[in-house]
Amino acid sequence: MVTIDSDAHVLETPLTWEHMDREHKNHTPMVVTQSTGEESFGTSGNVLKEFWVVDGRIHNKQFNVGLDTAIESREMSDVQARLDHMRELNIDVQVLYPTLFLRPLTVNPEIDYALCKGYNRWLGEINRQAPSELRWVVCPPLLAMDKVREEIMFG
């Protein structure tokens, strides 16, 4: 019997946005760091919390994340590490969902399309490394309805 984890997530990183089209690079999310005021500590003992800035708005980065999985597996920078962890858990297939896209990021259709397309190309590349084990959910740019079909067909 096949075991499927139907609600696995990936953490977007700056590498995710390298898959954005050149003409959309001005919409690349930025990471900012808060260095005081929270209980999360960096390696030097200083308080450290990161956020995404998308379309001038701040969003949590790595919010509600189980830290029992290695970062290279969570961020998909090492697909084999993800597959190895799945084997440890006796999981045969994971359906991958985004983390950043769990809430609206923008009201701008161009930015929505740019982000969704970049994310989808990133996950598509990851999927090609393990197509049987790592399935994924395409992010449709719902604010750019004329582009939704394109993204669904890509996925």
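**Briefing: strands and helices of a predicted model**

Strand β2 (residues 30–34) pairs with strand β3 (residues 49–54) in the antiparallel sense over five bridges; two strands pair if DSSP finds at least two bridges between them. This is a predicted model, in which local features need pLDDT of at least 70 and side-chain atom pairs count only at pLDDT 80 or more, while totals for chains, interfaces and linings use all residues. Residues are numbered from 1 along each chain as its sequence is written, and side-chain values use heavy atoms, with hydrogens and water left out.

**Overall composition**

- The chain holds four helices and six strands, taken as DSSP runs numbered from the N terminus (helices are H or I with at least four residues, strands E with at least two).
- Along the sequence, these elements follow the pattern β-β-β-β-α-α-β-α-β-α.
- Of the 155 residues, 43% count as buried, that is, under 20% relative accessible area with a 1.4 Å probe, protein chains only.

**Antiparallel strands**

- Phe51 in β3 stands opposite Val32, and Phe51 also stands opposite Asn60 in β4.
- Four bridges link β3 to strand β4 (residues 57–60) in the antiparallel sense.
- The hairpin of β3 and β4 has two residues between the strands, and Asp55 there takes a positive phi near 50°.

**Parallel sheet**

- Three strands form an open sheet in the order β1-β5-β6, with parallel pairing.
- Both β1 (4–9) and β6 (134–136) are edge strands with a single partner strand each, so one side of each has no neighbour in the sheet.
- Neighbouring strands of this sheet are turned by 30° against each other on average, direction ignored.
- Strand β5 (residues 93–97) is joined to β6 by three bridges, and Gln94 has Leu134 in β6 as its bridge partner.

**Helix packing**

- Helix α3 (residues 109–129) packs with helix α4 (residues 145–154) at an angle of about 5°, and their axes are 10 Å apart; axes are lines fitted to C-alpha atoms over the stretch in contact, and angles run from 0 to 180 degrees between N-to-C directions.
- This makes α3 roughly parallel to α4, a term for angles under 35 degrees.
- Residues of α3 including Tyr113, Cys116 and Arg121 meet residues of α4, among them Lys147, Glu150 and Phe154, where contact means heavy atoms within 4.5 Å.

Key: Angles under 35 degrees count as roughly parallel, over 145 as roughly antiparallel, 65 to 115 as roughly perpendicular and the rest as oblique. Buried means under 20% relative accessible area, exposed over 50%, partly exposed in between (1.4 Å probe, protein chains only).
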